[in-house]
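Here's a quick briefing to read with the model open beside you.

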Amino acid sequence: MTYVVTEPCIRCRYTDCVEVCPVDCFHGGPNFLVIDPVECIDCAVCVAECPVDAIYPDDEVPADQQDFIALNARLAKQWPVISRAEPPPDDADDWSVVTAKREQLSE
């Protein structure tokens, strides 16, 4: 099992989860985070830290978010590792309440 970042993270990109991760499994893109399924040690400490509830075990990802499993794996190979908290975008709080935002994902 591994953990997966899903749609609620798009345009929020809070990095509270990164700060508590004991390994370097988070990768950061322009407006989204992903978890590398190879590096994730399934510890779950990131789940409680996500302020927008965007992180799920891969076997519990909601049906309408299943494509994020492959998306995390693919983008983890492209984006750099981040291992420290970074400031969120200035408008992150505004985007945290938006539910349909897939089209906002910047790869």
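Helices (H or I, at least four residues) and strands (E, at least two) are DSSP runs, numbered from the N terminus. With that in hand, Lys101 sits in the segment after helix H4 (92-95). This is a predicted model, where local features need pLDDT of at least 70, side-chain atom pairs count only at pLDDT 80 or more, and totals for chains, interfaces and linings use all residues. Residues are numbered from 1 along each chain as its sequence is written, and side-chain values use heavy atoms, with hydrogens and water left out.

**Lys101**
- Lys101 is buried but has no salt bridge; Glu7, the nearest side chain of opposite charge, is 7.4 Å away.
- Buried means under 20% relative accessible area, exposed over 50%, and partly exposed in between (1.4 Å probe, protein chains only).
- On charge, Lys and Arg count as positive and Asp and Glu as negative, while His and the chain ends are not counted.
- A salt bridge is a side-chain nitrogen of Lys or Arg within 4 Å of a carboxyl oxygen of Asp or Glu.
- Leaving out residues up to four places away in sequence, Lys101 touches Glu7, Pro8, Ile10, Cys12, Trp95 and Ser96 (contact means heavy atoms within 4.5 Å).

**Salt bridges**
- A search of the whole structure turns up five salt bridges.
- Arg102 pairs with Glu7, with the closest N and O atoms 3.7 Å apart; Arg102 is in the segment after H4 and Glu7 in the loop between E1 and H1, 95 residues apart.
- Glu7 counts as buried at 8% relative accessibility, and Arg102 is partly exposed at 30%.
- Asp67 also forms a salt bridge with Arg102, the closest N and O atoms being 2.6 Å apart.

**Helix H3**
- The buried residues of H3 (residues 67-76) are Phe68, Leu71, Asn72, Leu75 and Ala76.
- Down the axis of H3 they fall within an arc of 120°, so they line one face of the helix (the arc is that of the directions from the helix axis to the C-beta atoms).
- Their cover includes strand E1 (3-5), strand E2 (26-28) and strand E3 (33-35).
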